[in-house]
Amino acid sequence: MRLSSFKYLVKQGFTGIWFNRINSFASLCVITISLMMVGISVLLSMNINSMIGSIESRNEVIVVITDGTPENNVALLGDQLRGNPNIFEVNFYSKDDAWAGMLETMTEEEKHDFRYIRENPLPDCYRIRVSDIDKLSKTVAEISSLDFVDSVQSPDDFASILVGIRNVTTLLFSAVTLSLIIVCFVIISNSTRASVYARRREINIMRYVGASKSFIEIPFFVEGLIIGLLSAGIAYGITWFAYKEVYAMFSSDVSMYSIFGLKALIPFDTIAIPTAVAYLVCGVILGALGTVVSARKHLNV
Amino acid sequence: MVEFRNVSYTYPSGQHALNRINLKIDDSEFAFVVGANGAGKSTLIKLILRELTATEGEVIVNGFNLSTMKKRKIPKLRRTIGVVFQDFRLIPNMTVYDNVAFALRVIDAPTKYIRARVPYVISLVGLTEKARSYPNDLSGGEQQRVALARALVNDPQLLIADEPTGNVDPARSFEIVDLLKAINACGTTVLMVTHQHDLVKYFGGRIININSGTIAFDEFIGGENET
């Protein structure tokens, strides 16, 4: 194709958007929202995975010993734990150590509130580390069945909560995104039909003078491509802004750390390029491909 | 060259539009196609343009066998044919120049060629002064000449004029046919569909009369302008 023809077709694409601006705007909005939904869903999932990974990397399990267990039985429990093939490290953490450690982390005000506590309420425990994180659930079950074990606190619990959150959000976002994609195609189809109608004279003449099928379709492809790229740009901008805000909120709020106990959020800078590429590709697919498919249907060339 | 060999066409509704037509129009010929409404003239034109495919028989146009031709080859066929319609079909927001150039732009013609060819064809139809005007600023006769220029700009082997004088006043109708005759004199085959018997009688030539899907009459008659 000649450069002059290429310029002509691109110009026709822009002209098509302008003549059909209300429908084009509707397409732009719905593609932008769809991209954002997909993007947020993926980013949320990535961050939850990162949190789960961070928790699992610590792989520390706390075995709480039943209060009042004689010392020899505590030692016996320690031996039983060491005998488990999936446990490679066993450390005893007495209730006094736990109390001292807790006091260290307290502010003066908090210590003042605890001044009337005469008896240490914390239990004795073993802190263990497992070799194979995939067998964590099985190991936790084995430990729980041992005598003198009051409870077992494993990262498995928190990780499974996060997995649950991830699964629910993925399902929710997938359903919403799927609905939006259907809406996208309906709106794009209507927009393209309006565009074909607006350009019916030109299209009719193009057919009679021998314009090729691709030459008739390319302006619609350009139209969809521009809308797709614009949508991707806008969606990326909004996502970038929103993500930075959420990230800053998590980074500055210490209580968030105390809840999660980890620094697992992914900085946007590290995922900026892949996110941009993904948005562009999805925008182009939704915009250009959607338009071309609809154009073929309505043009019937 | 246009050739119909035992061509029939039946619409999906079951209506028989053409019935075993045999017709040959040689290169550089001028032929009038006449007939009542619903006789099959439009179907004949649509078959030549490959808008429809014959349900029976063979249609050959400018070396293309339209009965066996693949859909993707249709643009190539149509580049050898110029078409003029009764309702002009000009693009109102384009100037005369752009309307004519449009036919070349959409077939990926080089810009240099467009710049040289378009003013030449506009001058052929006598509209050089109106090249920057818009269709709505022109009379019916002038608009039809723009449509003619657009049909000619790609230098077609065959020119189909479907009722080209239908929306033009009688005096200008004769000018349009004169122009078509001049184009034909340069070697382009011209097929003119018309209802206006006064034009046919005046100019004479080959007359193809279609009636109820068959060729009722196909002969040369002398024109009044020759006497």
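In which sense do strand E1 and strand E3 of chain A pair, and over how many bridges? In this predicted model, the two strands, residues 60-65 and residues 125-130 of chain A, run antiparallel to each other, with 5 bridges between them. One bridge to look up is the one that joins Val61(A) to its partner Ile128(A) in E3(A).

Now for the sheet around that pair. Chain A builds an open sheet from 4 strands, ordered E2-E3-E1-E4, and the pairing is antiparallel. Strand E2 (87-93) and strand E4 (149-153) of chain A sit at the edges, each pairing on one side only. On average, neighbouring strands in this sheet are turned by 20° against each other, direction ignored. Helix H3 of chain A packs on the sheet, and helix H6 of chain A lies across E1, E2, E3 and E4 of chain A.

| Helix | Residues | Strands touched or crossed | Angle to a strand |
|---|---|---|---|
| H3(A) | 71-82 | E1, E2 and E3 of chain A | about 160° with E2(A) |

The largest nonpolar core counts 106 residues, and Val33(B), Val100(B), Ile122(B) and Ala149(B) touch the most other members. Helix H9 (residues 213-252) of chain A gives it the largest share, 11 residues. As for Val33(B), leaving aside residues up to four places away in sequence, its contacts are Lys41(B), Leu44(B), Leu191(B), Met192(B), Val193(B), Ile208(B) and Ile210(B).

What about the place where the chains meet? There, 16 residues of chain A are in contact with 16 residues of chain B. On the chain A side, H1 and helix H8 (200-209) are the elements that give two or more residues. H8(A) supplies the largest share of that side, with 7 residues. By type, the chain A side divides into 8 nonpolar, 5 polar and 3 charged residues.

H1(A) itself covers residues 3-19, which is 17 residues, and spans 24 Å from first to last C-alpha, close to the expected 24 Å. Buried residues in H1(A) are Tyr8(A), Leu9(A), Gln12(A), Gly13(A), Gly16(A) and Ile17(A).

Definitions and conventions. Residues numbered from 1 in each chain as written. Chains lettered and ligands numbered in written order. Predicted model: local features only at pLDDT ≥ 70, side-chain atom pairs only at ≥ 80, totals over all residues. Pairing = 2+ DSSP bridges. Axes fitted to C-alpha atoms, helices over the stretch in contact; angles between N-to-C directions. Contact = placed C-beta atoms within 7 Å. Expected span 1.5 Å × (residues − 1). Buried ≥ 20, exposed ≤ 12 C-beta atoms within 10 Å, placed from the backbone. Nonpolar A, V, L, I, M, F, W, Y, C, P; charged D, E, K, R; others polar. Core = buried A, V, L, I, M, F, W, Y, C linked by C-beta atoms within 7 Å.
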